[in-house]
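Trainee: I would like to learn how to read a few features of a protein model. Can we take them one at a time?

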Amino acid sequence: MTLTLDAPYVDLETSFDALRAELTGSLHTPDEPEYDALVSPWNLAVPMRPAAVVAVRTAEDVAATVRFAGAHGFTAGVQATGHGAEASLAGHLLVVTRGLDECTVHPEGWARVGAGVKWSRLVPEAARHGLAGVNGSTTDVGIVGYTTGGGVGPMARTYGINADRVRAFEVVTGDGVFRRVTATDHPDLFFALRGGKGAAGIVTAIEFDLVHMPEFYGGAVYFDGADAARVVDRWRGWADALPEQGTTSFVIFQLPPLPEIPPPLAGRMTLGIRFLWTGEPGEGARLLDRIRATAPVILDDARLRPYAEIDAVHADPVDPMPVVDPAILLDGFPAEAAERLLAVAGYGSGSPQVLVEVRHLGGAYAREGAYPSAFSHRSARYSVLAVGMAVDEATAAGSLAHADQVFTALADWDTGGVWPNFGVPHDAVSARRCYDEPTLARLREVVSTYDPQGVLQAGAYTRA
């Protein structure tokens, strides 16, 4: 198969036959039936149309693809589960890592997984040993993408971010070389891969520490949207007073009237208070009772749970859908901020968002790990995420315009930063939001060292 690539710096016809001959996996172009399923991300609003997609099965497949890209002046992107997909990151050759499916849990407290493994596979494996990973709000996301973006989850105040728990990466850098990276072997890459997303290389496997967590107290307690003002007011002080064993967020939901949605939440605006307590369960229940007493509860889903039920805390959707999901970080959330937020996104506001979420941070999240990383947002005290539908250009534009109103209302507390994993369009502007200037300078140096030809598409956004 021969294909002419439509890019200003590629003006030759290239045969992919030589690359196909090297692969254990497979390569597909847009005229082949497998192509669409491989390039389709979780967020259906993000078009991914690379010149070819490579479904790798080994680390050497990744290396061969990167070397081929470098030899022909192409760029290469990577996708595992597609939750962090951006059209700008596909590159000419999209490496799909779902086939890198190794998953080993060591009972003494650590795991090794391939780049294609989701948390949903690791969680039950670890639970057999009373262990848990510091996973995200849904186990439907890939472990590698989550961790290279920092990895902030529903135990963040107790156990920090997953990037701080990494022992080693195996990675193919932009020069096509396979490397094993630890705190002592290639420490510059170890810094960059923990928080720097894919700028420094395509990760093929990761090893990281687990925590002892056979069960937890938590879930979510839901209120009618009309009661949001008094519940959020109570939540602010309550969250700030929580010990580090507690991590919490609130979410303003507007869920459609579908059969799979619990009737108390369907077709109306509701407010959910999410809570995960890693300490003694009775104490966690007593703490959450203070929130329960604020207003009539319409659904109470908080209780003692095995860790395998971790998805119940955030109850994020898992089916692919078209959404826009911008986010910001705040250095505070005083009463005035809550009032402004509810005025544009709360009850009676006419908000089009499916959800608006505010997470409470601090605790272990705020502390640097044993080794410095590219994660640049330890001082943020809250995160804010807006998720709206994007079934067509008009609804996407409306959701984004309203999200801008939400963020403008909170501008007095906006840090100017954003997590690399949270709704970021990958461009030079967002790179400056994801990283402070010293971190960005270090990432540029790493990219220059390990990807001198600029093969990895993600690395382009760290360049000056």
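This is a predicted model: local features need pLDDT of at least 70, side-chain atom pairs count only at pLDDT 80 or more; totals for chains, interfaces and linings use all residues.

Trainee: How many cavities of 30 Å³ or more does a search of the whole structure find?

Mentor: A cavity is a space where a probe fits but cannot get out. Here the search of the whole structure finds one of 30 Å³ or more. The volume of the largest cavity is about 80 Å³.

Trainee: Which residues lie nearest the centre of the largest cavity?

Mentor: Gly153, Pro154, Thr247, Thr248 and Arg359 do, out of 13 lining residues. By class, the lining holds five nonpolar, six polar and two charged residues.

Trainee: Which elements give two or more residues to that lining?

Mentor: Strands S15 (246–255), S16 (268–277) and S21 (355–360) do. S15 gives the most, with three residues.

Trainee: Now a helix. Which residues of H4 are buried?

Mentor: Buried means under 20% relative accessible area. In helix H4, which covers residues 119–127, the buried residues are Trp119, Leu122, Val123 and Ala126. Viewed down the axis of H4, these buried residues fall within an arc of 105°, so they line one face of the helix.

Trainee: What covers the buried residues of H4?

Mentor: The cover includes strands S7 (103–106), S8 (110–114), S9 (131–132) and S12 (202–209), together with helix H5 (143–148).

Trainee: Next, cysteines. How many disulfides does a search of the whole structure find?

Mentor: A disulfide is called when two cysteine sulfur atoms lie within 2.5 Å. The search of the whole structure finds zero. Cys103 is buried, at 17% relative accessible area. Cys434 is buried too, at 5%.

Trainee: Where does Lys197 lie, and is Lys197 buried or exposed?

Mentor: Lys197 lies in the loop between helix H7 (187–193) and S12. Its relative accessibility is 19%, so Lys197 counts as buried under the 20% cut-off.

Trainee: What is the place of Ala315, and what is its relative accessible area?

Mentor: Ala315 sits in the loop between strand S18 (303–306) and strand S19 (323–324). With a relative accessible area of 43%, Ala315 is partly exposed.

Notes:
Residues are numbered from 1 along each chain as its sequence is written. Side-chain values use heavy atoms; hydrogens and water are left out. On a 1 Å grid over the protein atoms alone, a cavity is a set of points where a 1.4 Å probe fits but cannot get out, and a pocket is an open set with protein on both sides within 12 Å along at least five of seven lines; lining residues have an atom within 4 Å of a point. Grid points are joined across faces, edges and corners, and a volume is the space filled by probe spheres set on the points. Helices (H or I, at least four residues) and strands (E, at least two) are DSSP runs, numbered from the N terminus. Ala, Val, Leu, Ile, Met, Phe, Trp, Tyr, Cys and Pro count as nonpolar, Asp, Glu, Lys and Arg as charged, and the others, Gly among them, as polar. Buried means under 20% relative accessible area, exposed over 50%, partly exposed in between (1.4 Å probe, protein chains only). The arc is that of the directions from the helix axis to the C-beta atoms. Contact means heavy atoms within 4.5 Å.
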